[in-house]
Amino acid sequence: MEKLSRIGLSALVTGSVASVISTAALAALAKLEGRVALEPTNATSHWLWGRKSRGRRDIDAAHTAVGYATHHASAVFWALPFEAWLAMQPPRSALELIGDAAMMSGIAATVDYGVAPKRITPGWELALSDRSMVAAFAALAVGLACGAAASRALLGQAEEQS
């Protein structure tokens, strides 16, 4: 498989796993804070709906589907440089993979909340405390590491069969 295609496919797998894991963590964190599990996902739709997305508690296409699709695309976006970085490294131990994933999640947090315009942040601050947002980015790191491991297992098998 061509290297760029492999990186792209790996990013799709890794980002998808990271999206699911971090979305589950966002829901759990919201519940721990006495909120509805969907609020952080709905809040992510703020780039389209503005502050009207704050406090949205019900599932609906306008907020939940847009919020999840946005978060999923963002996770795949951050998985792309992560996978490119991993492709330039020798095979990583589990501990090194987790460290690399934590670094990428830290970069994502810095860009998302320190560089990006407010309108295109994840919007989690509309539904979660700062402490929970840190935990959400930690969950993103876990998701990136798990996704990268899954990608290697899946794509390793695919390459052996071709």
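Biologist: How far apart are the end C-alpha atoms of residues 133–155, and how much of the span is helix?
Modeller: The end C-alpha atoms of that span lie 32 Å apart, and the span is 100% helix and 0% strand, where helices (H or I, at least four residues) and strands (E, at least two) are DSSP runs numbered from the N terminus. This is a predicted model, in which local features need pLDDT of at least 70 and side-chain atom pairs count only at pLDDT 80 or more, while totals for chains, interfaces and linings use all residues. Residues are numbered from 1 along each chain as its sequence is written, and side-chain values use heavy atoms, without hydrogens and water.

Biologist: What does UniProt list for 133–155?
Modeller: An unreviewed UniProt entry lists residues 133–155 as "transmembrane region", an annotation that may be inferred rather than shown by experiment.

Biologist: Switching topic, at what angle do H4 and H5 cross?
Modeller: Helix H4 (residues 61–87) and helix H5 (residues 94–115) cross at roughly 140 degrees, with their axes coming within 10 Å; axes are lines fitted to C-alpha atoms over the stretch in contact, and angles run from 0 to 180 degrees between N-to-C directions.

Biologist: And which residues of H4 make the contact?
Modeller: On H4, Trp78, Pro81, Phe82, Trp85 and Leu86 make the contact (heavy atoms within 4.5 Å), and their partners on H5 include Leu97, Met104, Ile107 and Asp112. By class, the contact of H4 with H5 has 11 nonpolar, no polar and two charged residues.

Biologist: What volume has the largest pocket?
Modeller: About 320 Å³, a pocket being an open set of points on a 1 Å grid where a 1.4 Å probe fits, with protein on both sides within 12 Å along at least five of seven lines.

Biologist: Which residues are closest to its centre?
Modeller: Ser74, Asp112, Ile120, Thr121 and Pro122 are the closest, out of 20 residues that line the largest pocket (an atom within 4 Å of a point). H4 gives the largest share of that lining, seven residues, and by class the lining has 12 nonpolar, six polar and two charged residues.

Biologist: How much space lies in the second largest pocket, then?
Modeller: The second largest pocket holds about 270 Å³, and of its 15 lining residues Arg6, Glu83, Leu86, Ala87 and Arg152 are closest to the centre. Helix H1 (3–32) gives the most to this lining, with four residues, and five of the lining residues are charged.

Definitions and conventions: Nonpolar A, V, L, I, M, F, W, Y, C, P; charged D, E, K, R; others polar. Points joined across faces, edges and corners; volume = space filled by probe spheres on them.
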